[in-house]
Amino acid sequence: MQPISNSMGQQIINVGNHSIWELSREEIISLFKEYGALLFRGFANNVEIFKEFSNSLSTDFMDYAGGVFQRRIINGDKTVLSVNNFKSAIKLHGEMYYQKNIPLMLWFFCAHPASAKGETTICDGRQFYNELSIATKDLLSKNHIKFTTHLSEAEWQKQYKTEDVNQVAAICELNDMRLTIYQDNSIFTEYIRPAIIPSSCGKYQVFINSLLPGKHLYPERLRFADDSDISDTVMSELNEIAERLTTEVYWQKGDILMIDNTRIMHGRRAFDDDKRDIYVRLCAPAFSMSSQTLQKVTS
């Protein structure tokens, strides 16, 4: 065992010819509650082992309907997906924080690392909150973020994986999203959520949201709930903290990364290698996160 970086996470490294199934489920859960991000490295993993291992610790797997990126389905299983279909960098974010129903846990699997670059980035939202200036803490605590999207008929059919606008309406209702359907069958959605949330154990404040990539990729879609602009000054502060606190995961083939999506933000560095292949699963923990046990594994 060793930290992923000086600031966060833990790596569980196979230094012998061991199976990942030899690891204690109780110790994994204890470490996950303490650190929020665990990297399993050096095990003889493949996609099927990745599925079985994540199944053993998770429940309520999601299929990414309503997700903003395009993802490939792996081996016919809609809950095992490629991360996305482009190579540019993605700023730190919580997964699917532009809607109410988010996956509480994420699993990543490295089927093939990039020959260079393409690191996955992670950051502890507790640390991020503590680094915010008093003024920005106050601003973000009092003002929720509004996400708006206008999609053509072809765009929403691709994003929501359906041709039935009534199914889109049902998804929006479940996610507390305001939906407008226009005569040309395009849609407009609006969703409001906080940028800062209580931790799953209830003891901390956590900065976790989709603000950084949202303002970078779709600046016209994000404002405060009262329709006021999120200033360049605030965004500069957030981007500076993000870069300072970022931990990079340098992928190795067979790596499995387990992330608490209520605490740990993730992103990615840009890359050029067409062979980079990282998979993701969106789910919830099959164990309680309401209290923290700070017991450490003895090696």
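Modeller: Two strands count as paired if DSSP finds at least two bridges between them. Strands (E, at least two residues) and helices (H or I, at least four) are DSSP runs, numbered from the N terminus. This is a predicted model, in which local features need pLDDT of at least 70, side-chain atom pairs count only at pLDDT 80 or more, and totals for chains, interfaces and linings use all residues. Residues are numbered from 1 along each chain as its sequence is written, and side-chain values use heavy atoms, with hydrogens and water left out.

Colleague: Which residue of β2 stands opposite I13?

Modeller: Strand β1 (residues 10-13) pairs with β2 in the parallel sense over 4 bridges. Within this pairing, the residue opposite I13 is R41.

Colleague: How many residues of strand β2 are buried?

Modeller: Buried means under 20% relative accessible area, exposed over 50%, and partly exposed in between (1.4 Å probe, protein chains only). On one side of β2 A37, L39 and R41 are buried, and on the other L38 and F40 are buried. For the strand, residues 37-41, the count of buried residues is 5 of 5.

Colleague: What is the bridge partner of A37 in β16?

Modeller: β2 also pairs with strand β16 (residues 256-260), in the antiparallel sense over 4 bridges. In β16, the partner of A37 is I259.

Colleague: Which are the edge strands of the open sheet of 4 strands?

Modeller: The order in this sheet is β6-β17-β8-β15, with antiparallel pairing. Each edge strand pairs on one side only, and the two are β6 (90-93) and β15 (247-249).
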